[in-house]
Amino acid sequence: MAKINTVLGPVSVDELGVTLMHEHLIFSYLGWECDAMAPPYDREAAAVACVDALKEARDRGLKTLVDATATDMGRDVELQKIISERLGINIICATGFYTEKYGKAGYFKFRSMSYDIVAELCETLVKEITKGIGNTGVKAGVIKVATGHARISSYEEKVLKAAARAQKETGVPIITHTEAGTMGPEQADLLISEGADPERVVIGHMCGNSDLRYHVSVLEKGVNIAFDRMGIDILFPDKLRKACLMGLLGIGYIDRIFLSQDCWAHRLGRPFEFSDATKSLLANWSYVHIFNNIIPALKEAGVSEDKINTLMVKNPRRLFSGK
Ligand SMILES: [Zn+2]
């Protein structure tokens, strides 16, 4: 039986259960640590906020959360362990790198003047999957990669190539960030050309547009896609996400779609409040939106309990275990 790395150690595929494939615990754009007025990071405060924000989803059946926070996005493995213990859910930790624009590309870009950074990035990913992250003892269970808006930079291309090679070595799934849903087919082509198994790739944030022709063109590459920003009306109307989701389910893509919310519970840096207008467009954005609103809407549209189980349980299980 295949074992999957979680922050508290390996679990069997049967223990994954209902899985959210792309969420975060804490998040902040990098650079918050350069703000002299920002309070220092308080792990316990973050833990309290995360437990509070996640417990309703846990009570509604959530068993496994994939924390899609890459190494250069403020990932906190110790916090992941605390949340997993306090809530009694599995947390799968990511290794990988964010976009060139918003991640920490400088270090490897500088090294690329003298070294093959595809090989170095691959070594980093494989080390975090097979040996563990720093001295935490936690092994990453998923690879996260990202590209910018409407283009893939040379650095991002190297990250994607490294991810494909690391997947060939470890078998771990790759999940991606696309900016507003752009560059999905290009990401799929790049990963596959470098040897990634399309069935173990999830092209993310595909719900950033309502172009069914585009969604199908990505699916036709043989990869999976994620509608993983459910509830974020400020980026794209949820109504149209639902319409596309129902359409794709209706034409036979149920085995290839993943649902999530790209939520986070705690932000680093100075306190930040959204404006009232923005708040109203984020009213549904929570870890429980899928359970409270999306699944009931799918049922109302005639999607069976069995198919909901495919979306929430069987697809993640197959992604992680190959069966
Ligand atoms: Zn995300």
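Tutor: Let us begin with a term: buried means under 20% relative accessible area, exposed means over 50%, and partly exposed lies in between, with a 1.4 Å probe and protein chains only. The model is predicted, so local features need pLDDT of at least 70 and side-chain atom pairs count only at pLDDT 80 or more, while totals for chains, interfaces and linings use all residues. Residues are numbered from 1 along each chain as its sequence is written, and side-chain values use heavy atoms, with hydrogens and water left out.

Student: Is H24 buried or exposed, and what about D262?

Tutor: The cut-off just given for buried is under 20% relative accessible area. By that rule D262 and H24 are both buried.

Student: Which residues coordinate the zinc ion?

Tutor: Donors are N, O and S atoms within 2.8 Å of the metal (3.2 Å for Na, K and Ca), and because water is not among the atoms, sites may look incomplete. Along the chain the donors of the zinc ion follow the spacing H-x1-H-x237-D. At 2.1 Å, the zinc ion is coordinated by H22 (NE2), H24 (NE2) and D262 (OD).

Student: How many residues apart in sequence are the parts that the pair H24 and D262 ties together?

Tutor: Helices (H or I, at least four residues) and strands (E, at least two) are DSSP runs, numbered from the N terminus. H24 lies in the loop between β3 (19–23) and β4 (26–27), and D262 in the loop between β11 (257–259) and β12 (266–267), so the pair ties together parts that are apart in sequence by 238 residues.

Student: Which residues lie nearest the centre of the second largest pocket?

Tutor: On a 1 Å grid over the protein atoms alone, a pocket is an open set of points with protein on both sides within 12 Å along at least five of seven lines, and lining residues have an atom within 4 Å of a point. β1 (3–6) and α11 (305–321) each supply at least two residues of this pocket's lining, and β1 gives the most, with 3 residues. Of the 13 residues in the lining of the second largest pocket, those nearest its centre are K3, I4, N5, V172 and F320.

Student: What is the phi of M183?

Tutor: Most residues other than glycine have a negative phi. M183 lies in the loop between β8 and α6, and M183 is buried, with a relative accessible area of 13%. Although M183 is not a glycine, its phi is positive, at about 70°.

Terms used:
1 Å grid on protein atoms, 1.4 Å probe; cavity = no way out; pocket = protein on both sides within 12 Å on 5 of 7 lines; lining within 4 Å.
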